[in-house]
Amino acid sequence: MEDAERCAEHGRRLPCAECRKLRNRRIGPSKGSSKICAVVAIGKNRELGYEGKLLWHIPDDLKRFKQLTLGHPIIMGRKTFESIVGYLGRPLPERTNIVVTRDAAWKHEGVIIASSLEEAIAKGRELDEQEVHIGGGAEIYKQALPLIDKLCLTIIDDTKEADTFFPPYDNQFTKKVFEEAHEWNGLKYRWVDLERA
Ligand SMILES: NC(=O)c1ccc[n+]([C@@H]2O[C@H](COP(=O)([O-])OP(=O)(O)OC[C@H]3O[C@@H](n4cnc5c(N)ncnc54)[C@H](OP(=O)(O)O)[C@@H]3O)[C@@H](O)[C@H]2O)c1
């Protein structure tokens, strides 16, 4: 009886922390499988959103988001997905929308559902050998950060009241591969693409 409750691999009580560590190591920053990318807009304090909504709507930046994510699977937390449906009236078009939720009863037409981030990434990788995108929000970015290979940031030279923030990233993403400065209606922002060194 006691044996049945222990991990066959490591002899530890189930669920085995060692197995979880190994699984996480295997899934994290891509080696030989689809790249994991995130296209994210943040303010000076890494602000992401407020009351379920985006903080800035910069037309050229929304175009860049579309351009970079188009054709690839995009993984979102249930709250971000519902916020997008609120804006667009439908899931993100021309991208497979993968929604992460703990609610087994949740569903939405045309959407792939995953009960964990790992499951979502595995499903994304089955669909696209090149790139899988992490579409946020804060909860999902925080969990996905160790798995992300490339961050395409829009850093907006502004601060706003926010209730969700992108996690600290500069220690992990030290290689700048692209930077471009822009301005829209007096609002300065930079596109900064970062990778791990
Ligand atoms: N600035 C940007 O680029 C950007 C991008 C995306 C989003 N946002 C903003 O971010 C905000 C939303 O972020 P948020 O952190 O509140 O919510 P979120 O990350 O979008 O969604 C959180 C939900 O995802 C599910 N979830 C999270 N971790 C999970 C796990 N390990 N396993 C299974 N399900 C999991 C849960 O859904 P259930 O409750 O259904 O179980 C949880 O409530 C909005 O304001 C949005 O506008 C900004």
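## Close-up views of a predicted protein–ligand model

Of the 197 residues of the protein chain, 28% count as buried. The model shown in every view is predicted. The chain holds five helices and eleven strands. Among contacts between residues at least 6 apart in sequence, 65% join residues at least 24 apart.

**View 1. The shell around the ligand.** The ligand has 29 residues around it, and Gly49, Gly77, Thr80, Gly136 and Gly137 come nearest. By class, the shell has ten nonpolar, 13 polar and six charged residues.

**View 2. The three-stranded sheet.** The strand order is S3-S2-S9 in an open sheet, and the pairing is antiparallel. S3 and S9 (164-165) stand at the edges. Each has a single partner strand, so one side of each is left without a neighbour in the sheet. S2 and S9 are joined by two bridges. Gly49 has Thr164 of S9 as its bridge partner. Gly49 is also among the residues that come nearest the ligand.

**View 3. The eight-stranded sheet.** This open sheet runs S6-S5-S4-S7-S1-S8-S11-S10, with mixed pairing. Its edge strands are S6 (112-114) and S10 (175-184), each pairing on one side only. Neighbouring strands are turned by 20° against each other on average, direction ignored.

**View 4. S4, S5 and the helices packed on them.** S4 and S5 (97-100) run parallel, joined by four bridges. Gly77 stands opposite Val100 in S5. H3 packs on the sheet and touches S4 and S5. The direction of H3 makes about 100° with that of S4. Helix H4 (117-127) lies across S1, S4, S5, S6 and S7 (131-134). H4 runs at about 165° to S5.

**View 5. S7 between its two partners.** Which way do the side residues of S7 point? Glu131 and His133 point one way, Val132 and Ile134 the other. All four are buried. S1 pairs with S7 in the parallel sense over three bridges. There, Ile36 has Val132 as its bridge partner. S4 also pairs with S7 in the parallel sense, over two bridges. Ile74 stands opposite His133.

**View 6. The two sides of H2.** In helix H2 (59-69), Asp61, Phe65 and Thr69 are buried. They cover an arc of only 60° around the axis, which puts them on the same side of H2. An α-helix has 3.6 residues a turn, so residues three or four places apart point the same way. Pro59, Asp60, Lys63 and Gln67 lie on the other side of H2 and are exposed. The buried residues of H2 pack against S1, S4, S7, S8 (150-156) and S11 (187-195). Just after H2, Gly71 takes a positive phi of about 85°.

Key
Residues are numbered from 1 along each chain as its sequence is written. This is a predicted model: local features need pLDDT of at least 70, side-chain atom pairs count only at pLDDT 80 or more; totals for chains, interfaces and linings use all residues. A residue is near a molecule or strand if its C-beta atom, placed from the backbone, lies within 6 Å of it. Ala, Val, Leu, Ile, Met, Phe, Trp, Tyr, Cys and Pro count as nonpolar, Asp, Glu, Lys and Arg as charged, and the others, Gly among them, as polar. Two strands pair if DSSP finds at least two bridges between them. A residue is buried if 20 or more other C-beta atoms lie within 10 Å of its own, exposed if 12 or fewer, and partly exposed in between; C-beta atoms are placed from the backbone. Two residues are in contact if their C-beta atoms, placed from the backbone, lie within 7 Å. Axes are lines fitted to C-alpha atoms, for helices over the stretch in contact, and angles run from 0 to 180 degrees between N-to-C directions. The arc is that of the directions from the helix axis to the C-beta atoms.
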